[in-house]
Amino acid sequence: MTKMRWIAALAALAALGLPSGCDTSHPTPEPAESPAPGTAVAPDIQPDGIDFVQGYVRGYQDARAARKPMLVFFTASWCDYCHQMLQEAFADQQVVRLSRQFVCILVDADREPGVCQQFEIRGYPTVQFLSPGGVPLNRVTGKTPGDKLALQMQAAIQATASRVTLREATRR
């Protein structure tokens, strides 16, 4: 492929509106002091309609207790795409409705870098879906519109239901 065709192909892909995201090469500031367990997310990044639990450990405990799958939103204060996704995709009414079937967890890369490393987060925003026991289901990386996020949420709900049905069948 000639250089001009290669550049044209890249421009065409960019024009398709492929998911955008912030990469992890952004210099991460020193971690802020960890918030107290259960502390609410800063108002400027809390979307209407979805109650995010701040911090992975607290969210994991809540999900196990409630026997609900987890929607873990990995974000960073410096990531414009993360803020846009919170204000757009997470404000979508179908996403808000489906969120009630999850424990929604917000993991701030600056406050919980170890959790981001554990999940091998390479770009922001990233949404990781997990079973109530912490088994990875599906993942969305990059700014994602509400309709596509809702489809991924439905897939995670179905995968969780399938796992529960399979586990109950093996116990009989």
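Select Arg-67 to begin: this residue follows α2 and has a positive phi, near 55°. Helices (H or I, at least four residues) and strands (E, at least two) are DSSP runs, numbered from the N terminus. The model is predicted, so local features need pLDDT of at least 70 and side-chain atom pairs pLDDT 80 or more, while totals for chains, interfaces and linings use all residues. Residues are numbered from 1 along each chain as its sequence is written, and side-chain values use heavy atoms, without hydrogens and water.

**Helix α2**

Step back to residues 56-66, which form α2, and colour its buried residues, Tyr-56, Gly-59 and Ala-63. Viewed down the axis of α2, these buried residues fall within an arc of 65° (taken from the directions from the helix axis to the C-beta atoms), so they line one face of the helix. Buried means under 20% relative accessible area, exposed over 50% and partly exposed in between, with a 1.4 Å probe and protein chains only. Turn to the face away from the buried side to find the exposed residues Val-57 and Ala-65.

Next, show what the buried residues of α2 pack against: β2 (53-54), β3 (70-75), β4 (103-108), α5 (113-118) and β6 (126-130).

**Strand β6**

Select β6: five of its five residues are buried. Thr-126, Gln-128 and Leu-130 point one way from the strand, and Val-127 and Phe-129 point the other way.

Which strands pair with β6? Strand β3 runs antiparallel to β6 and is joined to it by five bridges; Leu-130 is the bridge partner of Met-70. Strand β7 (residues 136-141) also pairs with β6 in the antiparallel sense, over four bridges, and here Val-127 stands opposite Val-140. Two strands pair if DSSP finds at least two bridges between them. Follow the chain from β6 to β7 through a hairpin with five residues between the strands, where Gly-134 in the turn has a positive phi of about 95°.

**Thr-126**

Zoom in on Thr-126, in β6, which counts as buried at 1% relative accessibility. Beyond its neighbours within four places in sequence, Thr-126 is in contact (heavy atoms within 4.5 Å) with residues including Phe-73, Ile-121 and Arg-139. A polar atom of the Thr-126 side chain lies 2.6 Å from the backbone oxygen of Gly-123.

**Whole chain**

Zoom out to see six helices and seven strands. Of the 172 residues in the protein, 38% are buried.

Technical notes. Polar contact = N/O pair within 3.5 Å; in protein donor to acceptor, adjacent residues only side chain to side chain.
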